Amino acid sequence: MAGVGRQAVHRTMVLVDVEESGAQALPHQLCVRAGLYTMVAEALAAAGVPWKACYSEDRDDSVVVLVPPEYSKARLVEVLPEALVRAVHRHNASSHHDARARLRVAVHAGEVVFGQDGVASTSLTMAFRLLNTASLTMALAASPGVAAMIVSRLIFDDIVRHSASMDPATFRPVEVAFREIRDLAWIALPDCPYPPDPTVLQRPTADPVPLGTAPGSPASTGSGTDGTGRGLGPALPSHPA
């Protein structure tokens, strides 16, 4: 898709990353990378989004897809994850054992600016923070499934909380540090969900707490990092066997 100029435009952001792809031998990495685009395109199509309508970029072992606003955010959260799981199973069934894939997915939305060399966006940077947060990595590692999804607070509050087909109580809140703020995000396991827990929905939805809060306060305590060396909130509970 061609760039649309220097003005900021709204896009839904779907980022998909292959778990531990760097540990695979090069031929298997190439197989997974080729399969990744097929899997993502199939999942987008199931959500009613044609690949050719989107802007995409390759980022190492990840693919970034920017979806125009005329396509439903709800379907990207309600339909795409399970469709992606089905596509992963098809890929794994036809691939060498060492070329099998498990995926991390992040969904966010915000303004982007298209330039000659790609896109610039604070919201897209935040989406990468979500994708690379240690909490999502640990959630997938602890799951017997093939995918783990994280959505921003914006997506959770606007879409997931009001969904007729998803149970928001199967998501788990985590805190993600980004520059000077700390914000909530929500993790779900599409093919092996967490047990419903309505108490998680009682988490405050007030403005993000600035980093640098006094030690011992809820916003400053954590048990992990998001890859920037800054603390995260409490670790996710282990998934039941």
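Hi everyone, let's start at proline 190. Setting aside neighbours within four places in sequence, proline 190 is in contact with Pro81, Glu82, Val85, Ala147, Ala148 and Met149, where contact means heavy atoms within 4.5 Å. Before going on, a word on the source: this is a predicted model, in which local features need pLDDT of at least 70 and side-chain atom pairs count only at pLDDT 80 or more, while totals for chains, interfaces and linings use all residues. Residues are numbered from 1 along each chain as its sequence is written, and side-chain values use heavy atoms, with hydrogens and water left out.

Back to proline 190, which sits in the loop between strand S8 (181-188) and strand S9 (209-210). Helices (H or I, at least four residues) and strands (E, at least two) are DSSP runs, numbered from the N terminus. One of its contacts, alanine 148, is 42 residues from proline 190 along the chain, yet the C-alpha atoms of the two are separated by 6.6 Å.

Which residues lie nearest the centre of the second largest pocket? They are Glu82, Ser165, Met166, Thr170 and Pro190, out of 14 residues that line it. The space in the pocket is about 260 Å³, a volume filled by probe spheres set on the points, with grid points joined across faces, edges and corners. By class, its lining has 9 nonpolar, 2 polar and 3 charged residues. Here Ala, Val, Leu, Ile, Met, Phe, Trp, Tyr, Cys and Pro count as nonpolar, Asp, Glu, Lys and Arg as charged, and the others, Gly among them, as polar.

Now the whole chain. It comes to 6 helices and 9 strands, and 49% of its 241 residues count as buried. Buried means under 20% relative accessible area, exposed over 50%, and partly exposed in between (1.4 Å probe, protein chains only). Of the contacts between residues at least 6 apart in sequence, 73% join residues at least 24 apart.

Histidine 108 is my next stop, in strand S4 (residues 103-115). Why does histidine 108 count as buried? Because its relative accessibility is 10%. Its side chain joins that of serine 152 in a polar contact of 2.8 Å. Such a contact is a pair of N or O atoms within 3.5 Å; within protein, one must be able to donate a hydrogen and the other to accept it, and residues adjacent in sequence count only if both atoms are side-chain atoms. Beyond four places in sequence, histidine 108 also touches residues including Arg11, Met126, Leu130 and Ile155.

Isoleucine 155 belongs to helix H6 (residues 153-158) and is buried, with a relative accessible area of 1%. Its partners outside four places in sequence are Lys73, Val77, Val107, His108, Ala109 and Val160. Alanine 74 is 81 residues from isoleucine 155 in sequence and 8.8 Å away in space, C-alpha to C-alpha.

On to two helices. In H4 (residues 122-132), the buried residues include Ser123, Met126, Ala127 and Leu130. Serine 121 caps the N-terminal end of H4, with a side-chain oxygen 3.1 Å from the backbone nitrogen of serine 123. In H5 (residues 134-142), Ser135, Leu136, Ala139 and Leu140 are buried. These residues cover an arc of only 130° around the axis, so they are on the same side of H5; the arc is that of the directions from the helix axis to the C-beta atoms.

Last, serine 62, in strand S3 (residues 62-67). Serine 62 is buried, at 6% relative accessibility, and its side chain makes a polar contact of 2.6 Å with the side chain of aspartate 17. Other residues in contact with serine 62 include Val16, Leu36 and Leu131. Valine 16 and serine 62 are 46 residues apart along the chain, with 5.5 Å between their C-alpha atoms. Thanks, everyone!

Terms used. 1 Å grid on protein atoms, 1.4 Å probe; cavity = no way out; pocket = protein on both sides within 12 Å on 5 of 7 lines; lining within 4 Å.
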